[in-house]
Amino acid sequence: METTHEVFNQPEPLVGYNLFETNRPLRDALKFNAPSLQLAQLSELGATIGSAEMQAHARLANTHPPELHTHDRFGRRIDEVEFHPSYHVLMAAAVGAGLHGTPWTGTSASPHVLRAAGFMLFTELEPSILCPVSMTYAATPALRSNAAVYADWGPKLGSLWYDPALASFKDKPGVTMGMGMTEKQGGSDVRANTTQAVRDGSDAWGERYAITGHKWFFSAPMCDAFLVLAQAPAGLSCFFLPRVLPDGSRNAIHIQRLKDKLGNKANASSEVEFHGASAWLVGEEGRGIPQILEMGTMTRLDCALGTSGLMRQALGIALNHASQRMAFGKPLIGQPLMKNVLADLALESEASTALAIRLARAFDRQADEHERLMARLLTPVAKFWICKRGSHFAQEAMECLGGNGYVEEGGEGIMARIYREMPLNSIWEGAGNIMALDLLRGLRKGDAVAALAKELAPARGQHAALDRLADALPARIEAMASEAEARRLAQDVALAVQAALLAQTAPPAVVGAFCASRLGGDWGNAFGTLGAGTDFDSIIERAQPR
């Protein structure tokens, strides 16, 4: 064959680098929120997940999605999901890093911050497999409400060993947990659940029930156990439902089908039916809602962390491409309009990182009244705002690559995967309206005005736009009566806290550009519309992934 052309001006992929060591915004956020934190574990994780080998596993786990096998070849019901081997490699890496249980078993003085940073880093590699990791993290403390079950399962939920076998917990070095909350007719309105729980005796694990009904979204159905909601005689209650019963038999969980989702391809999300499945009461009968709220707070943190990680990876890929790709006689990154876009994305990414890590710090300091209230306020705020920004961010980052960013192939295919993933964190664990309503409830739990004033005080005087917003928030909070305005309030609280955090952790170029654009109105309605006086080069240099 004759050669028709030479391949050139195609950037080398972003691979073989340490995701942690090159992430200056994350490192500065950690220094601010947990100054004594030991970073060696994060550096090791950053090197591992930045390798070509792990990126290949992420690609394969998404290219070959899970497959449901309801029956074996002899016609016996088995209800098993088969995963590509790369899925299990990724799960072993995440569990081995303690992303599912470090706060409950580790010795770090800031265990939630440590885990948050690791979770954010791992999301840059592959977010889908973190669904069961996140649910295990959230379900473990709730399980303490059944001391007998927790005594048997707690140590293995915190184990750093991942074992994918469908077997009794007694025969496994480590286990994972999922959750089953939503049903067809209710969605976020779990009070509309119809699944029934009927008392079925008691044993070493306490009150046992037979569960009959369904769950419309039942992610990671190969987890070893689940916390599920069902209607008991005293009302909606929380139950511990294992896949394999103590006698070694399989519980009556029938997987009807797997969801064909927009993204999140490596993770199996399913519809299930319970046919008199055995489950044990967790907490008090009729108190299922408080149990959900406790777990939901933690998974909502993970939504903010996950989206922040995806933003960072999308930004890194865009910067890597623009630094190498030549156009009109110079690198893309040297073109004024591209500089504006990349700097704007860098601001958004750093602000999201700062807010997500700040929220994790509040989880570490629940003995402090201010931190308890900030966790209550910032959880819905961070979940709402960071996740809401994700899809717009991914689209703009993809556009930096042009058509190469839109294909499902090779290194550039990561961008398409990120774009498909972004909407999930905004929807999962309560969409935007649910978060806005949760913020309104949080405002009634304590002196929110005083808490926000204390949070913003260290940044007072550093930018006039931040001062104006901080001055206006108290009256808006005190007068907040209309649900229709709750989204705008959530947005403005998020922006104010982000600006205050950046004022304490980021260089002046970042702080000034963020406040001028997001708070001062020197900004358009799309990324890449920063003011001409912005120090684009300094902002871009800080965000570079290499």
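This is a predicted model: local features need pLDDT of at least 70, side-chain atom pairs count only at pLDDT 80 or more; totals for chains, interfaces and linings use all residues.
Trainee: What do strand 4 and strand 5 form, and how many residues lie between them?

Mentor: Strand 4 spans residues 196–203 and strand 5 spans residues 206–219; the two run antiparallel and are joined by six bridges. Asp 203 stands opposite Gly 206 of strand 5. Strand 4 and strand 5 form a hairpin, and the number of residues between them is two.

Trainee: Which tryptophan residues does Phe 240 touch, not counting residues up to four places away in sequence?

Mentor: Phe 240 belongs to the group of core residues that touch the most other members. Its contacts beyond four places in sequence include Leu 143, Val 149, Met 177 and Ser 278.

Trainee: Which helix gives the most to the lining of the second largest pocket?

Mentor: The second largest pocket holds about 620 Å³ of space. Among its 26 lining residues, the closest to the centre are Thr 297, Gln 366, Arg 372, Ala 375 and Arg 376. Helix 9 (288–324), helix 11 (369–399) and helix 14 (448–456) each supply at least two residues of this lining. The helix that gives the most, with eight residues, is helix 11.

Trainee: How many charged residues does the lining of the second largest pocket have?

Mentor: The lining of this pocket consists of 26 residues. By class, 11 of the lining residues are nonpolar and six are polar. The number of charged residues in the lining is nine.

Trainee: Is Ala 109 buried or exposed?

Mentor: Ala 109 is found in the loop between helix 5 (102–105) and helix 6 (111–125). Its C-alpha atom is separated by 58 Å from that of His 5, which is 104 residues apart along the chain. Because the relative accessible area of Ala 109 is 66% and the cut-off is over 50%, Ala 109 counts as exposed.

Trainee: Is Ser 110 buried or exposed?

Mentor: Ser 110 also lies in the loop between helix 5 and helix 6. Leaving aside neighbours within four places in sequence, Ser 110 is in contact with Ala 34, Leu 37 and Asp 364. Because its relative accessibility is 11% and the cut-off is under 20%, Ser 110 counts as buried.

Trainee: What is the relative accessible area of Asn 9?

Mentor: Asn 9 lies in the segment before helix 1 (24–33). Although Asn 9 is not a glycine, it has a positive phi of about 60 degrees. Asn 9 is partly exposed, and its relative accessible area is 25%.

Trainee: Where is Glu 429?

Mentor: Glu 429 is a residue other than glycine with a positive phi, near 60 degrees. Glu 429 is partly exposed, at a relative accessible area of 22%. Its place is in the loop between helix 12 (413–427) and helix 13 (432–443).

Methods. Residues are numbered from 1 along each chain as its sequence is written. Side-chain values use heavy atoms; hydrogens and water are left out. A nonpolar core is a set of buried Ala, Val, Leu, Ile, Met, Phe, Trp, Tyr and Cys residues joined through side-chain atoms within 4.5 Å. Buried means under 20% relative accessible area, exposed over 50%, partly exposed in between (1.4 Å probe, protein chains only). Contact means heavy atoms within 4.5 Å. On a 1 Å grid over the protein atoms alone, a cavity is a set of points where a 1.4 Å probe fits but cannot get out, and a pocket is an open set with protein on both sides within 12 Å along at least five of seven lines; lining residues have an atom within 4 Å of a point. Grid points are joined across faces, edges and corners, and a volume is the space filled by probe spheres set on the points. Helices (H or I, at least four residues) and strands (E, at least two) are DSSP runs, numbered from the N terminus. Ala, Val, Leu, Ile, Met, Phe, Trp, Tyr, Cys and Pro count as nonpolar, Asp, Glu, Lys and Arg as charged, and the others, Gly among them, as polar. Two strands pair if DSSP finds at least two bridges between them.
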